[in-house]
Amino acid sequence: MKKNIGLAIAEDALNLKEVLKLENPSHIIKLEAHISDWLGRGSKLITNDAGDLIFLSEDGLRCVRFDFNITRPHNNVHAHVEAKVNGKWVKSGPIYPLDVPHN
C-alpha cells in the first residue's frame, strides 16, 4: 500500500523535531545526516531571497527549509519539511527548536 505523502511529510517533520531536541554540538552533524537521508544523493544547499537556508533534493521535489531571517507569518525561527506533489508544495507546518516559543 502506498504511503500518504502528507503523512510521510508529517512523520519526517516529527523525526526532524526529535533531532532538534539535541543540546550538544553534535546535533548539527546528526541533523545534516537526517536531512541528507531524506533528500537522497545529490541534494544541495541553496538560499532563498531572505537568505534562509534550504536543503533541496536533486530532483527538486523535496526540501527542508529553515526560516531564520524572515519568520512570517510565525513569530520565531522554525523549519519546514516539504514535498512537491502534483506541482504544489505540501508543507509540514512549522517545526520549532525546543527552546523557542511555538507561535
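User: In what order do the five strands of the open sheet come, and is the pairing parallel or antiparallel?

Analyst: The order is 1-2-3-4-5 and the pairing is antiparallel, where strands are DSSP runs of E of at least two residues, numbered from the N terminus, and two strands count as paired if DSSP finds at least two bridges between them. Strand 1 (44-47) and strand 5 stand at the edges with a single partner strand each, so one side of each has no neighbour in the sheet. On average, neighbouring strands of this sheet are turned by 30° against each other, direction ignored, with axes taken as lines fitted to C-alpha atoms.

User: What should I know about the model and its numbering?

Analyst: It is a predicted model, in which local features need pLDDT of at least 70 and side-chain atom pairs count only at pLDDT 80 or more, while totals for chains, interfaces and linings use all residues. Residues are numbered from 1 along each chain as its sequence is written, and side-chain values use heavy atoms, with hydrogens and water left out.

User: Which elements does the chain have, from the N terminus on?

Analyst: They run α-α-β-β-β-β-β, which comes to two helices and five strands; helices here are DSSP runs of H or I with at least four residues.

User: How many bridges join strand 4 to strand 5, and which residue is the partner of V85?

Analyst: Four bridges join strand 4 to strand 5 (residues 88-91), and the two run antiparallel. The bridge partner of V85 in strand 5 is K88, and that of K84 is W89. This hairpin has two residues between the strands, and N86 takes a positive phi near 50° there.

User: And on the strand 3 side?

Analyst: Strand 3 and strand 4 pair in the antiparallel sense over six bridges, with A79 in strand 4 as the bridge partner of F66.

User: Switching to the surface: which residues make the nonpolar patch?

Analyst: L45, L53 and F68 make a nonpolar surface patch of about 270 Å². F68 is found in the loop between strand 3 (62-67) and strand 4 (78-85), and F68 is partly exposed, with a relative accessible area of 45%. Patch residues have over 30% relative accessible area and no salt bridge, with like charges joined within 9 Å and nonpolar side chains (Val, Leu, Ile, Met, Phe, Trp, Tyr) within 5 Å; a salt bridge is a side-chain nitrogen of Lys or Arg within 4 Å of a carboxyl oxygen of Asp or Glu.

Notes. Accessible areas come from the Shrake-Rupley method with a 1.4 Å probe; for residues, only the protein chains shown count as cover. Buried means under 20% relative accessible area, exposed over 50%, partly exposed in between (1.4 Å probe, protein chains only). Axes are lines fitted to C-alpha atoms, for helices over the stretch in contact, and angles run from 0 to 180 degrees between N-to-C directions.
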